[in-house]
Amino acid sequence: MSRVNPEFATELKKYGANDFSACFNCGNCTATCSLSTSDSSFPRELIRYSTLGLEDEIKASLKPWECYYCGECSTQCPRQAEPGELMMSLRRWLTAKYDWTSLSGLMYKSLPASITAFVLTFIGVLVFAFNADFDLEHMMHVGHLFEAIAIASIMTVIFVPNIIRMWYFTILKPKTKVPFKRYVSSIGEFFVTMFVQKRALDCDDNRFRWFEHFILVIGYLSLLFTTVFMDWFSSQYMFVIVFGYVVSAIVFVVTIDFVNSRMKKKKAMNQQSQPSDWFFVIWLFMMGLTAFMTRLFIDLNILEMNKWLYILHFTILVQWALIIVPFGKWTHFLYRSFAMYFAKLKEN
Amino acid sequence: MKERIGVYICHCGGNISDYVDVEELGKMFHQEDNVVISKDVMFACADSNQKDMVKDIQENNLDAIVVCSCSPKLHLHTFKNVAARAGLNPSNYVQVNIREQCSWPHSDRPREATVKAAGLIRAGINRVSFSESLENIELTVKKSVLVLGAGVAGMKAAIDLAKSGNEVFLIEKDFFVGGRIAQKDGLFMSGQKGKEIVASLYEDIKKQTNITVFTGTTVEKVSGSLGNFHVDIKVKPRFINGKADKQAVKRAMDECPVSVDDAFNLGLTKRKAIYKNYPEALPDVPVVEAELLKNETDFVAKFASTLNLNEQEETLSLIVGSVLVTTGYDHYQPKEGEYGYKTIDNVVTLPELNRLMELNPEKLVYNGKQIKSVAFIYCVGSRQTKGENKYCSRQCCTSTIHTSLQLKEKYENIQTYHVYRDIRTYGKQEILYDKSSKQGDIYFKYEEKEMPVVEKEGKSTIVKVKDYLTAKKQMEIEADLVVLVTGMVAREDSTHISEMFKIPIGRDKFFNEIHPKLKPVETVIKGVYIGGTCQGPKNVSESVQSSLAGASKITALLKSGTVSVDPIIARVNADACTWCGKCSDVCDYTAIKEVEADGKHIAAVNKAVCTGCGICAPVCPANAIDIAQYTDQGIESMIDGFMHEVEIREKEVNPEEVQEEGKVGMKEYPQIWKNILETMDEKTTIPQVVEKLKVSGELVTYHMMTMNRYGVVVPAGMDAKEEYFYYKKK
């Protein structure tokens, strides 16, 4: 017995889903979806749940994460109900629900809040730069330290509790019995999803996008590794230096295409960009570019005269690490990997 | 007895002659008594043959003809017209169906088909020899029409009838015109208010000098028939002094001490005992419920000059040529407890909600509570596969969705839920569904076997529904107001009206037309037509369409002042009849009455009413009734004719003409076949022929296949590449 809650639709609209009430339940979206199976069928079911406002059912569902938004459902929808966009919005909504701080929800729903956060972090960096008397070496040292500390603390303070909450909503609360052994045997699914996203390959006509995405993930993770653990900006090893150039270039070159397709809006999945989508791609692009430029300026020995470049890079880095990674679209990368893992647990 | 009969036996191309030995039959009836001409013809219906027949009839002075061909449904009138053109009374024509009844069904047994045809033809000849020359019955009709019911359908039809030159009596049972549409505020698609439509129609009616409107009037008695219906009507008094000052009448209304439930607002409000349905209601004279003022002597005394409580009801007799029944429908009234109706305080019907909306211009309030959410339950009292009302009420889906849109337009923040079985917003009405679903109305689908339940939980009302759109999940909807979407049912008095006018009613109590497609507004009673929702559920447009169709039929019928009726009716032999009344008892049309003639009581048939159905003839113990063209003598002679022995020989077949399966007797091949055959060597493929003849591949393929079918060529293996078949001459 479930109580209908029409307010949910109003709430979900704040996360970007606008048109799904036009749905007349024909099921063309589910039929056309190349990822939907008879055991796990979507998007129609989730559109229905969203219309009726069945929050518990949605929270317990991993299906939003099973969708890779090829956009075929939205193209085929006879009512222009944009099922693909609904699935995307549900992912945003779920992210907000998993997040114990509720900041994710605030970021998604309120553009002013997001902008304020970006401005505040920028001011913070400026204050820090003044305090450090614009001493480049000191700033770069702190910057490097910041990265490692930010990763460690966000992981423990934000992500671990959030993943546990996600596990609670999707496995424990629906009373799915999973023997411990299966947690171990299914862990492969988690890594495969995180690094390869192989499910996305099943989306129709999606090879190139998958490949771009794959390269970007590898590039991004490598850049993270190079800067944090190999200390790229201070490294003297030729291999590390060149590798850093390559991976940072990969990050900003690939994101150019992502920004470009969001601007051109040719495909269904690019037609309805939310601020969170823009922040994600633009900041990723900026991060790759500023990192590349910083190292280039170091190698050309002109960074001392262009301290503002590093301050810009540091600002981007702080905003990325404190806003976009914990409360923005970055989390999709994490939750999706866990969702596939949990789905595997449920499936057995 | 006819003595000069012409018989024409049709080949119908080969449709008949392929199986029935038409030539033999043609010869057989040459010897028949009284048959002057007997011919077999290729196509009897062909123009040339029709001309020949006319010539035959005139030259040989034929007095009857028989055509043995196809079904009379196809060509009865063709040949009746031939007879008429030749100066022969069309009643002296009989058609015998030897195609549908002989050659087609018995194609496997040609001899028997021929024997059967011979029997039928002989029966036809015998029948035609007893035929009489009959003339259509001409009736004088009065160019006046009774329109029963002044709803939108009746009012519009009355105006059209009057404009076409008929005198119209428009009768309304209520004291005010307009019917149901006056109760609806804003109609799809024009957006006009029902009351505005009523006012403009009434204005048009007033402009027509030949419409008389009677309100508060019922039909008491109907007699007579097409052209001259005698209708007695009873006009109830309004108890208002006709000369009274308008202001005084208004004061009386305001000061009236007695209040009762307002039926126009479906009991949602109270009204005075002196009332109008609504302030602009027409005619613009209030009505006094005299019964209720019995004890209010002071009030009555005060307004003695305004009220006229002694006014008596009047009975009037009208004579009309035709009747248009537009009595409309009743809303289905849910039983107590049906979805909590009357047992749960916030359950109402759709018509009640519509009144409620009109009465609440600012905020929607019911039982003192502001309504924020409304749940509609569809198909209440309609589409009951096991209940009384099996039909779909057709207009309620649209009406509900339209109401839902109006709710959101009129009041802020109202959430609506639609618990439906199937949404049937056909045609342009689909626009409404589109709008409703896009604005966020939530739809739930239920099935009849799992009906929704309305329950009270604490202070809130819950609709529980097994939702077929959510994998049959049990859903709970909390709603401030539950609205039962009730359909249309036949009016309570439909049986009474049906008995008075003899209009047949269906199991659903709605009036029945003769044929839903071909005679959609005609009833089996000549001169009585139906329009609007008294016939079945319809929306406003469809109601008006059907009543106007009725109006047009009536105008055409009465136009010339006379009506020509088929002469095939019952006839009473006055000498044999002793008036036992049995014929009158069985007559569905009350066409038979007892009359006194030459000091004797006998039955008399009303020519205008009788349909010639024939039911009276067999019940007559004195055998005093027969039906024109279907006399006992004629029918007995047909039986004799059919039983007459026939000698038909098995058709002798020339062994040389026996052909193999699939072969046809072809005297000469078509030119293209010859051309193709000329090009063919020992073995030839289709592309080779195409190459040589320089014609299109499709053409060659078609003819090669056809030649193969008829055994002119045969396949001879495939070519080396296994692409094409070789063909060779057989």
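1. What you're looking at is a predicted model, where local features need pLDDT of at least 70, side-chain atom pairs count only at pLDDT 80 or more, and totals for chains, interfaces and linings use all residues. Residues are numbered from 1 along each chain as its sequence is written, while chains are lettered from A and ligands numbered from 1 in the order in which they are written.

2. Let's begin with chain A as a whole. It has 17 helices and one strand; these are DSSP runs, numbered from the N terminus, with helices (H or I) of at least four residues and strands (E) of at least two. The C-alpha trace spans about 65 × 45 × 35 Å along its principal axes. For 348 residues, a compact globule would have a radius of gyration near 20 Å, and the 21 Å of chain A agrees with that. The radius is taken over C-alpha atoms, and the globule rule is 2.2 Å times the number of residues to the power 0.38.

3. How much of chain A is buried? Buried residues make up 41% of the 348 residues. Here, buried means 20 or more other C-beta atoms within 10 Å of the residue's own, exposed means 12 or fewer, and partly exposed is in between, with C-beta atoms placed from the backbone. As for contacts (C-beta atoms, placed from the backbone, within 7 Å), take those in chain A with a separation of 6 or more: 75% of them are between residues 24 or more positions apart.

4. Most residues other than glycine have a negative phi, and most peptide bonds are trans. Have a look, then, at the bond from A:Phe42 to A:Pro43, which is cis with omega near 5°; A:Pro43 sits in the loop between helix H2 (28-32) and helix H3 (44-52) of chain A. In chain B, a cis bond joins B:Leu282 and B:Pro283, with omega about -5°, and B:Pro283 is in the loop between strand S13 (274-275) and strand S14 (287-288). Then there are two residues with positive phi that are not glycine: A:Gln80, at about 50°, and A:Lys175, at about 60°. A:Gln80 is in the loop between helix H6 (72-76) and helix H7 (83-98) of chain A, and it counts as exposed because it has 10 C-beta neighbours inside 10 Å. A:Lys175 is in the loop between helix H10 (136-172) and helix H11 (180-185) of chain A, and is exposed as well, with 7 such neighbours inside 10 Å.

5. Over to the helix pair in chain B. Two packed helices are described by the angle between their axes and the distance between the axes. Helix H6 (residues 152-163) and helix H7 (residues 194-207) of chain B have axes that come within 9 Å and cross at roughly 30°; axes here are lines fitted to C-alpha atoms, for helices over the stretch in contact, and angles run from 0 to 180 degrees between N-to-C directions. H6(B) and H7(B) are therefore roughly parallel to each other. On the H6(B) side the contact includes B:Val152 and B:Met155, and on the H7(B) side B:Ile197 and B:Leu201 are among the residues met. By class, this contact has seven nonpolar, no polar and two charged residues. The classes: Ala, Val, Leu, Ile, Met, Phe, Trp, Tyr, Cys and Pro are nonpolar, Asp, Glu, Lys and Arg are charged, and the others, Gly among them, are polar.

6. Where do the chains meet? The contact takes 13 residues from chain A and 13 residues from chain B. On the side of chain A that touches chain B, H3(A) gives the most, with three residues. The residues of that side divide into seven nonpolar, four polar and two charged.

7. A:Arg44, in helix H3 of chain A, is buried, with 24 other C-beta atoms within 10 Å. Leaving aside neighbours within four places in sequence, A:Arg44 is in contact with A:Asn25, A:Gly27, A:Cys29 and A:Thr30. A:Leu303 is in the loop between helix H15 (275-300) and helix H16 (307-327) of chain A, and its C-alpha atom is separated by 8.6 Å from that of A:Leu136, 167 residues apart along the chain.

Notes
Two residues are in contact if their C-beta atoms, placed from the backbone, lie within 7 Å. Angles under 35 degrees count as roughly parallel, over 145 as roughly antiparallel, 65 to 115 as roughly perpendicular and the rest as oblique.
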